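Here is a short tour of a structure, meant to be read with the model open beside you.

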Amino acid sequence: MSPQGGTTRPGLRGRLPHRRQIPIMTWMVVFWCGLWGSVSPVVVVGGVLTAFALVAVFPMPTLPPAPRPSVLGAVRLGAYVLFDLLRSSLQVAWFAVRPGPVPASAIVAAPLRSRSDAMIAATAEILSLVPGTLVVDIDVPSGTLYLHALVTGDPERVGDDVRASVRRMEERVLAALAPGALRDGVAVADDVREAKR
Amino acid sequence: MSAWDWVSAVLLLSGSLLALAAGIGMLRFPDLWMRMHAGTKPQVLGLLLVLAGVEVQLVPDASAVVALLFVGLFQLVTAPVASHLLARAGHRSGVVPRDQLVQDDLRVFELECAAGEHPESSPPQDPGPRAEGRG
């Protein structure tokens, strides 16, 4: 975020936080109250003051207005992630304890369709929790994830299998966080990147 | 024992078993990346199950429940990031042996970057001669 265009200058003087920072500040207050285990007025006021201080001292890049997340999509994504986490945990646990050799692995390039930093981050994070994949590197300009994958089936087809599962997971992430991106093309999900230029 | 105690016991035990399997994986798996699989998946789910087992016992105490929810949430958010950084460092430094890999698209990408084929991308560091003998 450039210093001229940015709404968050370091320093405690002047400048109220931008309204786009209200969500992150709200989250800070909620988290603060959770840590204190209380919502008494003293704790809430302390949390609000702390949130103001943090935003002033450690300004985060303000995200441009993102498409409204879809509640249904988010619930669906959460259910998929939990189910996949269960599956992948059992799979890796089984590989760990079963007799015999550990399966071979590969590092596979998987292109993403969205170029938005937020969408790439969310997809990469979730892919580390689901069966068989681990993010090794990310090339942001081309939107490519490099994933370490366990080879459970045919070694010839590991690349296609991983790319297919990445594609499905990205669709779920987009459906939850940037609904309409799939219908209108991924341009909607590219808002974040465009606004940064 | 009440029914809730049984629920709690099952959750705690299954969580502990998953954490144990993750630990065995750490010992048995041959390289950093395989170990990171063990460190992100069974370990995270194991912790979540243990937390759920404890939550069941603490239910009337809302502040403790919320605190444990935060523990679980931050584990979900940070474990993939930590494993990604370790995995990337392992690849870029070239210290993780790659002979187990059936394919390595990232190495291909590094070589293409070195040949100037991706001017937009910030190339991964060339691991240098140290990795050449191992790749």
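Which residue is the bridge partner of Ser105(A) in E1(B)? The partner is Leu101(B).

## Before you start

This is a predicted model, in which local features need pLDDT of at least 70 and side-chain atom pairs count only at pLDDT 80 or more, while totals for chains, interfaces and linings use all residues. Residues are numbered from 1 along each chain as its sequence is written, and chains are lettered from A and ligands numbered from 1 in the order in which they are written.

## The two chains

Chain A has six helices and three strands; helices (H or I, at least four residues) and strands (E, at least two) are DSSP runs, numbered from the N terminus. Along the sequence, the pattern of chain A reads α-α-α-β-α-β-β-α-α. Of its 197 residues, 32% are buried. Here a residue is buried if 20 or more other C-beta atoms lie within 10 Å of its own, exposed if 12 or fewer, and partly exposed in between, with C-beta atoms placed from the backbone.

Chain B has five helices and one strand, in the pattern α-α-α-β-α-α. Of the 135 residues of chain B, 29% count as buried. Contacts (C-beta atoms, placed from the backbone, within 7 Å) can also be sorted by separation in sequence. In chain A, 67% of the contacts between residues at least 6 apart join residues at least 24 apart. In chain B, residues 24 or more positions apart account for 65% of the contacts with a separation of 6 or more.

Follow the strands in the order E2(A)-E3(A)-E1(A)-E1(B) and you have an open sheet of four strands with mixed pairing. E2(A), residues 133–139, and E1(B) stand at the edges with a single partner strand each, so one side of each has no neighbour in the sheet. On average, neighbouring strands are turned by 25° against each other, direction ignored. Helix H4(A), residues 117–127, packs on the sheet and touches E2 and E3 of chain A. The direction of H4(A) makes about 155° with that of E2(A); such angles run from 0 to 180 degrees between N-to-C directions, with axes being lines fitted to C-alpha atoms, for helices over the stretch in contact.

Two strands pair if DSSP finds at least two bridges between them. Within chain A, E1(A) pairs with E3(A), residues 144–150, in the antiparallel sense over seven bridges. In that pairing, Val108(A) stands opposite Leu147(A), and Ala109(A) has Tyr146(A) as its bridge partner. E2(A) and E3(A) are antiparallel too, over six bridges, with Tyr146(A) in E3(A) the bridge partner of Asp137(A). Four residues lie between E2(A) and E3(A) in their hairpin, and Gly143(A) in the turn has a positive phi of about 60°.

## Buried strands and the core

Five of the seven residues of E1(A) are buried, so this strand is largely enclosed by the rest of the structure. For E2(A), six of the seven residues are buried, so E2(A) is largely enclosed as well.

The largest nonpolar core has 58 residues. A nonpolar core is a set of buried Ala, Val, Leu, Ile, Met, Phe, Trp, Tyr and Cys residues joined through C-beta atoms within 7 Å. The residues with the most contacts inside this core include Val108(A), Leu127(A) and Val173(A). Leaving out residues up to four places away in sequence, Val108(A) touches residues of both chains, among them Val158(A), Val162(A), Gln103(B) and Asp105(B).

## Where the chains meet

The contact takes 40 residues from chain B and 38 residues from chain A. On chain B, the elements giving two or more residues are H1 (3–28), H2 (32–58), H3 (62–93), E1 (101–104) and H4 (105–114). H3(B) gives the most, with twelve residues. The side of chain B that touches chain A divides into 24 nonpolar, ten polar and six charged residues; Ala, Val, Leu, Ile, Met, Phe, Trp, Tyr, Cys and Pro count as nonpolar, Asp, Glu, Lys and Arg as charged, and the others, Gly among them, as polar.

Terms used. Two residues are in contact if their C-beta atoms, placed from the backbone, lie within 7 Å.
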